[in-house]
Amino acid sequence: MGNPLAQLAVVALGTEQAKNPAVTGARAANLARSAVAGLPVLPGFVLVPADRAPGAPAGGDAVHGVWQVLDDIAEALVVRPSSVHGDTEEFSAAGPIDPVPGVRGWEAFQDAVRAVLDPARQAQLPGPPDGGTAVLVQPMLRAAVGGVLSTADPVTGHTDRLLVTVVSGEPGQLVDGGTQGVHYQLTRFARLVRTEPPEPARRRLLPHRRITRLVALAKKTERVLGGPVDLEFAFDVDGKLWLYQARPITTATARAAPGAKVDGPTRSHP
């Protein structure tokens, strides 16, 4: 498909322009809103068709310049699609929309961008294959513990429990379906209700200190995005918590009254 970089503009992730899903796609826009609000989002940029972002740096030299800055501070990069037609790809396990991880070097980066923008790949994203896919680029993180979290039960709509699934290492293990993980049920006051399967207290992937920080992040993200949310997160090897992805939950049933009984996790997320 030739070199796609000449027709692309660069939008920094932590900017107001990046918050517009019509410009950067739902995935990147939600992260940009979180980043602008001060949540712990990894730095990065979004590549979009140049006519979609007037005034933004565009062309091969501009792309190379921002890639070089990010490449200098990261061991490797991850390149992901972000569709302007919807956010249903956020936690999808479908192969055609998997991210391209472990990208090292300029040639590999260009190949990754081509892979994301490939017309056959775009055809399986939400909406028509009309160039509606942006390219989100961030550093790869060495995760000690990662997971996914919902602040509303996807079946009952209850919002008084947070449902978390966590694994040792990258949360992508859950997204691709390769690992089941450990399911946590938490109150909105960071109290652990139970785990499935049970974990010994001294060997929990999420000890109380991590639970407290994770619940605080979930509540802040709800305030930024305006309601219940799904999150993908990771604690790095230094113990810092990072927000990988976030999206509003739009499919939950009518919310139950606070304090209503919740029977426990009803799914493996995703």
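Me: In what order do the five strands of the open sheet come?
Reply: In this predicted model, the order is β1-β2-β5-β3-β4 with antiparallel pairing, where strands are DSSP runs of E of at least two residues, helices are runs of H or I of at least four, and both are numbered from the N terminus. Two strands count as paired if DSSP finds at least two bridges between them.

Me: Which are the edge strands?
Reply: The edge strands are β1 (8-12) and β4 (100-103), each of which pairs on one side only. From one strand to the next, the twist averages 25 degrees.

Me: How many bridges join β1 to β2?
Reply: Five bridges join β1 to β2 (residues 45-49), and the two run antiparallel; L8, for instance, has P49 in β2 as its bridge partner.

Me: Staying around there, what is V48 in contact with, beyond its neighbours within four places in sequence?
Reply: With those neighbours left aside, V48 is in contact (heavy atoms within 4.5 Å) with Q7, L8, A9, V11, V23, T24, A53 and A134.

Me: And which residues touch the most other members of the largest nonpolar core?
Reply: That core has 40 residues, and L13, V48, L149, V164, Y184, L206 and L243 touch the most other members. Helix α6 (residues 208-225) gives the most to this core, with six residues. A nonpolar core here is a set of buried Ala, Val, Leu, Ile, Met, Phe, Trp, Tyr and Cys residues joined through side-chain atoms within 4.5 Å, and buried means under 20% relative accessible area with a 1.4 Å probe, protein chains only. A second, separate core of 19 residues includes V63, W67, V113 and V135.

Me: Back to α6, then: how do the axes of α1 and α6 cross?
Reply: The axes of α1 (residues 21-36) and α6 come within 10 Å and cross at roughly 110 degrees, the axes being lines fitted to C-alpha atoms over the stretch in contact, with angles from 0 to 180 degrees between N-to-C directions. The two helices are therefore roughly perpendicular to each other, a label that covers 65 to 115 degrees. Where they meet, N30, R33 and S34 in α1 face T221, V224 and L225 in α6.

Me: How much of the whole chain is buried?
Reply: Of its 270 residues, 50% count as buried.

Note on methods. Residues numbered from 1 in each chain as written. Predicted model: local features only at pLDDT ≥ 70, side-chain atom pairs only at ≥ 80, totals over all residues. Heavy atoms only, no water. Parallel < 35°, antiparallel > 145°, perpendicular 65-115°, else oblique.
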